Amino acid sequence: MAFIIEFESVRFRYPESDHDSLCDISIGFEPGSFNAILGHNGSGKSTLAKQMNGILLPTEGRVLVSGMDTANEDHLLEIRQTVGMVFQNPDNQIVSNVVEEDVAFAPENLGIPSEEIRERVDNALKQVGMYEYRMHAPHLLSGGQKQRVAIAGVLAMQPKVIVLDEPTAMLDPVGRQEVISTIHRLCREKNITVILITHHMDECIDADRLVVMSNGKIVLDGKPIEVFRNVERMEQEGLDVPETMRVLFDLNLAGEELPPDVLQMKCCAEYIAASLRKREQEAWQK
Amino acid sequence: MLKDVTLGQYFPGDTVVHRLDPRTKLILVVLYIIALFNTRGWVSNGLILVLTLVCMRVANIRLKNIFKGLKPMLFIIVLTALLNLFYTRGTPIREGWIITWEGMDRAVKMILRITLLITGTFLLTYTTSPMALTDGLEHLLNPLKKLKVPVHALTLMMSMALRFIPTLIEETDKIMSAQRARGADFETGNLIQRAKALLPILVPLFVSAFRRADELAVAMESRCYHGGEGRTRMNELHYTGIDYIALLLGAALTAGIIVMKHFGV
């Protein structure tokens, strides 16, 4: 399958910096998939995100969006329309004092006729469940609501990909849940490719693919369960793994023989209980 | 305490005043200001006062909000009133007093004039979304584009400034609380000491404003912003019947006030 976003040996260094923020990244994202990129601060994950719609251009190598090179000025608008981007601070990406006018900003920039803008704005707001708030002032909304407005603002461009750069970092648990479930739904129902950049391990569990970054390199890449299996490696990178896998890993280290990759809490408890019962039986038999 | 500042805030609503074309409202405010500065007697002043109150009623703006906005201007209003009160020649209220009947008359009219001036502009910003406002301004200033004036850039800057007023006020509040928690004192001391105490607020505020501006620029670019060329609008501006009526009324009123000035009422 052709990749919707493809990095070809991308190296990137910020001007006035003495080290590469991205070193030799080659990766492709499949259309319609839900991808999570995990890494702690300074791992290069935000820099990677900014390469995806031509805000930053590779120092070496190239980035292709639907086959278009981001370095080509002529395609810039089309690329940005294909790859919508949502940022960490909802306050700094909302441009208007009225929700629906903010959502209309992108289609207005694209020169779309006004009746169609109206339609797109209403649709986008309905998709994120903020339609009733269309006449509200954004600064009076909660963090999660603001971030959903920001997502609607991107949806109004009708993008194929949405890149979210730590969209939940400034939100409370309720707001985080709102945002994460919204993007999961968009990926499932609208077939939009999602690239979620985060440092919360629990937001990655339901992804189709998890990429772990460190020092500008991709260190682990695969299904979340396969990635989390590398408990020691994750720990080296200063990252959490799901509690269930952590417990099972520690028990196995102590000599138990339990399956290493279970994500459901209940399932994990059953395995441990079964193992305990078995041991009890063995003790009785002796 | 800073949350009270209502400058440039928009209260969404669905009244006749809200529905007027922003261009109409801008022209009306200009006419209103011209009329206000041409009032002389009590009749014309009273007329404008009543008109303003009616507009507020129609626009569903409560007096409370206007007073809130007036608060920062209180000093200027009081100062002008006092100056007029003491420095106007005429017949003293009582033998030997400096205060004259003419001074009283002028002071009251001055208070009324400044208050109405501010109220009029508040009526505009309270009932017009910043986007619509700048849109209207851009349309009205369009002829200047021929003189290579960057009208779109200027109006966009204005709308961004209005958009970020509440955000920056919130931020100032946070910084002040943080400084207060570490023992800063903003309330005591003379004017110079207090001004100095504000410096540790301004520096972080500026730093964060620049960072915000940077992030905003990236976010706008990500949403395909590329200048004013080829932009369309969701709510295209068009004049309706009410706009023509309002403009006619406004023009008639201003003309009336100017005529009244010549009769001294």
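In chain A, the centres of domain 1 and domain 2, taken over C-alpha atoms, are 40 Å apart. Domain 1 of chain A covers 5-232 and domain 2 covers 249-285, with bounds that come from an automatic or database domain assignment. The two do touch: 5 residues from domain 1 of chain A and 4 residues from domain 2 of chain A take part in the contact, where contact means that C-beta atoms, placed from the backbone, lie within 7 Å. On the domain 1 side, those residues split into 4 nonpolar, no polar and 1 charged. Here Ala, Val, Leu, Ile, Met, Phe, Trp, Tyr, Cys and Pro count as nonpolar, Asp, Glu, Lys and Arg as charged, and the others, Gly among them, as polar.

Before going on, a word about what you're looking at. This is a predicted model, in which local features need pLDDT of at least 70, side-chain atom pairs count only at pLDDT 80 or more, and totals for chains, interfaces and linings use all residues. Residues are numbered from 1 along each chain as its sequence is written, while chains are lettered from A and ligands numbered from 1 in the order in which they are written.

Chain B has a mean pLDDT of 87, with 97% of its residues at 70 or more; pLDDT is the predictor's confidence in each residue, from 0 to 100.

Now zoom in on A:I5, part of strand β1 (residues 5-12) of chain A. Strands are DSSP runs of E, at least two residues, numbered from the N terminus. A:I5 is buried because 26 other C-beta atoms lie within 10 Å, and the cut-off for buried is 20 or more. Residues it touches include A:G28, A:F29 and A:V161.

Notes. Helices (H or I, at least four residues) and strands (E, at least two) are DSSP runs, numbered from the N terminus. A residue is buried if 20 or more other C-beta atoms lie within 10 Å of its own, exposed if 12 or fewer, and partly exposed in between; C-beta atoms are placed from the backbone. Lists of a residue's contacts leave out its neighbours within four places in sequence.
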